[in-house]
Amino acid sequence: MTTVAECETRRTPRPRADALRNRERIVAAAREILVESGPDVPLDEIARRAGVGNATLYRHFPDRAALVLEVVLCVMARTADQAERAAAEEADVFVALSRFVHAAADERIGALCPLLSGSFDGELPQLRAERERLETAVEDLMEKARAAGRLRTDVAVGDLMVALSQLTRPLPGTGCLNIDRFTHRHLQLFLDGLEAPARSVLPGAAATLEDLRHSR
């Protein structure tokens, strides 16, 4: 699984060990608190949870956009790792797809949606590379399941990503506290609906990744 440290070494020269640990703590804390509270959480709260001073946070990340981008990149990388690992380790292609979906939920992939609507450029080279790697890995899982007759033929990768995003995104307000305890239950209900043979005819057309990009 890709760690925060590994995410960093792909893109920058390796810093000192103590600086690397601080950076990793900051990104891990940011990932947790951005999921809980959204992209506008105060940066000093992230520093407090990471156990570092504000100066240390700003030394690694000069502004909010830089920190949010790093969180998005690392979540994408870790989720792509999960897809690739499931494909390599599971003999049953639908089991591999299901394993990935549940693992992606644990990575809180749905929390990326409000983060991606932030101020940074969605076509940054490193962001595009991680997005394409993730999309390729998920498309490969679905294509193998479809070819084996285990996945219904009237769904596309966009359908999976929409459902995964919606079912793993924290709900607004405080009326549904601890909603996370239902996430895997509801994902399994969704996965049962994906398995072939289909039990119904779906209305409309399958959602593609291109459809999702145009809807942003």
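**Before you start**

This is a predicted model, in which local features need pLDDT of at least 70 and side-chain atom pairs count only at pLDDT 80 or more, while totals for chains, interfaces and linings use all residues. Residues are numbered from 1 along each chain as its sequence is written, and side-chain values use heavy atoms, with hydrogens and water left out.

**Stop 1: the whole chain**

Show the chain as a cartoon. Its secondary structure consists of 11 helices and 0 strands. Helices (H or I, at least four residues) and strands (E, at least two) are DSSP runs, numbered from the N terminus. Now colour by burial, where buried means under 20% relative accessible area, exposed over 50%, and partly exposed in between (1.4 Å probe, protein chains only). Of the 216 residues in the chain, 42% are buried. Contact means heavy atoms within 4.5 Å. Among contacts in the chain with a separation of 6 or more, 72% are between residues 24 or more positions apart.

**Stop 2**

Two packed helices are described by the angle between their axes and the distance between the axes. Axes are lines fitted to C-alpha atoms, for helices over the stretch in contact, and angles run from 0 to 180 degrees between N-to-C directions.

Select residues 64-89, which form helix 5, and residues 125-147, which form helix 8. The two axes come within 9 Å and cross at roughly 25 degrees. Helix 5 and helix 8 are therefore roughly parallel to each other. Angles under 35 degrees count as roughly parallel, over 145 as roughly antiparallel, 65 to 115 as roughly perpendicular and the rest as oblique. The crossing of this pair is left-handed. A crossing is left-handed if the near helix is turned anticlockwise from the far one by less than a right angle, and right-handed if clockwise.

Show side chains where the two meet. Residues on the helix 5 side include Leu69, Leu73, Met76 and Ala80, and those on the helix 8 side include Leu127, Arg131, Leu134 and Leu141. The contact of helix 5 with helix 8 has 12 nonpolar, 2 polar and 5 charged residues. Ala, Val, Leu, Ile, Met, Phe, Trp, Tyr, Cys and Pro count as nonpolar, Asp, Glu, Lys and Arg as charged, and the others, Gly among them, as polar.

**Stop 3: helix 5 and helix 6**

Helix 5 and helix 6 pack at an angle of about 155 degrees, with axes 9 Å apart. That makes helix 5 roughly antiparallel to helix 6. Their crossing is right-handed. Thr79, Gln82, Ala83, Arg85, Ala86, Ala87 and Glu89 in helix 5 meet Ala96, Arg99, Phe100, Ala103 and Ala104 in helix 6. By class, this contact has 7 nonpolar, 2 polar and 3 charged residues.

Now pick Gln82, which lies in helix 5. Is Gln82 buried or exposed? Its relative accessibility is 11%, so Gln82 counts as buried.

**Stop 4: helix 6 and helix 9**

Leu97, Phe100, Val101, Ala104 and Ala105 in helix 6 meet Leu160, Leu164 and Thr168 in helix 9. This contact has 7 nonpolar, 1 polar and no charged residues.

**Stop 5: Phe190**

Select Phe190 in helix 10 (residues 183-194). Phe190 is partly exposed, at 22% relative accessibility. Leaving aside neighbours within four places in sequence, Phe190 is in contact with Asp159, Leu160, Ala163 and Leu167.

**Stop 6: Arg152**

Go to the loop between helix 8 and helix 9 and select Arg152. Arg152 is buried, with a relative accessible area of 5%. A polar atom of the Arg152 side chain lies 2.8 Å from the backbone oxygen of Ser200.

**Stop 7: two backbone details**

Find Pro197 in the loop between helix 10 and helix 11 (209-214). The peptide bond from Ala196 to Pro197 is cis, with omega near 0 degrees. Finish at Arg108, in the loop between helix 6 and helix 7 (112-116). Arg108 is not a glycine, yet has a positive phi of about 60 degrees.

Note on methods. Polar contact = N/O pair within 3.5 Å; in protein donor to acceptor, adjacent residues only side chain to side chain.
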